[in-house]
Amino acid sequence: MDQNPDPMITATAKRDVRALNRAEHAQQANDVKDKLPSDLKHHADLASEKGASSWLSVIPIGTHGFQLHKGDFRDALRLRYNWQLSNIPKTCNCGANFSVDHAMICHMGGFPTIRHNEIRDITASLLTEVCHNVATEPPLQPLTGKLFSARSVNTSNHARPDIRARGFWNNHQDAFFDVRVFYPNAPSNRSGDAYRRHEQAKKREYGQRVREIERGVFTPLVLSTWGGMGKEAATFYKRLADLLSSKRQNPYPAVMGWLRCRLSFASIRSAIMCIRGSRSSLHRPVYMDNINLVSQEGRVPPPEYIIHL
Ligand SMILES: [Zn+2]
């Protein structure tokens, strides 16, 4: 009698057990969440979004960039569960009361822009591996009097979507992307589907112009400050992982996991920078020498004439 079980039956049984365990864990998590106060439940929901916990679940190996130092790790945990942060100032340099909610949206110091650019640059850099003609902030073709049916279209000659890449969705067609990183705890983002709202706003701004003038495809990449992403961004990053997986000959799940980790660490580091970063005017370049003038008036010798004793 053959004692070896049929591998097909074993594989099916294992899959069924895994699915049962997943369903049971999801039910347990929902039961716990239902008992939380509403504010903490909101944070728990945000932390449960796909990709938002990658920084916490990965093994912290510094050489791979998967590490936060002690202070950052504590801050990241406190932010995740909406616990009080220690040693934060009472007042922001812009004059408002300092709080996490304020720090995440205050433009003094340029942190929201740095946060946005970080996601843009990681994405553009990965696109260069799998697409041609990749550019950040690419100029669009001038409109020369073209009128659009939608009044919300950005018709400025200075309009710049964040990224362009050829051949991402279809061969020989330019794809355009615009990144938005929003703070989900801001009052305007707490109701309804904030991801969808931001995606629609971006599409109204660029969709028709990209479609009709550039003959391209426009995709909004909307992420939350905690690393969660909108439907269109999720589809985009899955496709990017798929292309990278083929190019690098690595399995898709590994590439997708790695990509989520990169975005998650970028998000959590940017969030901490918004809170701990310096907004002091002392950290801005307030005085720059006019190098030409100083060199001429001071007769600054070029390096080859400096005699080293
Ligand atoms: Zn401020």
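Biologist: Is Cys 94 buried or exposed, or partly exposed?
Modeller: Cys 94 is partly exposed, because its relative accessible area is 40%. Buried means under 20%, exposed over 50% and partly exposed in between, with a 1.4 Å probe and protein chains only. This is a predicted model: local features need pLDDT of at least 70, side-chain atom pairs count only at pLDDT 80 or more, and totals for chains, interfaces and linings use all residues. Residues are numbered from 1 along each chain as its sequence is written, and side-chain values use heavy atoms, leaving out hydrogens and water.

Biologist: And Cys 92, buried or exposed?
Modeller: Cys 92 is buried, at 5% relative accessible area.

Biologist: What are the protein donors of the zinc ion?
Modeller: They are Cys 92 (SG), Cys 94 (SG), His 102 (NE2) and Cys 106 (SG), 2.0 to 2.3 Å from the zinc ion. Donors are N, O and S atoms within 2.8 Å of the metal (3.2 Å for Na, K and Ca); water is not among the atoms, so sites may look incomplete. The donor residues are spaced C-x1-C-x7-H-x3-C in sequence.

Biologist: Why is the arrangement called tetrahedral?
Modeller: Because the four donor atoms subtend angles of 101 to 119° around the zinc ion. Four donors count as tetrahedral if all angles lie between 85 and 135 degrees.

Biologist: New topic: what's the nearest side chain of opposite charge to Arg 209?
Modeller: Glu 214, 5.3 Å away. Arg 209 is buried yet has no salt bridge, meaning a side-chain nitrogen of Lys or Arg within 4 Å of a carboxyl oxygen of Asp or Glu. Here Lys and Arg count as positive and Asp and Glu as negative, while His and the chain ends are not counted.

Notes. Four donors count as tetrahedral if all angles lie between 85 and 135 degrees; four count as square planar and six as octahedral if opposite donors are over 155 degrees apart and all others between 65 and 115; anything else is irregular.
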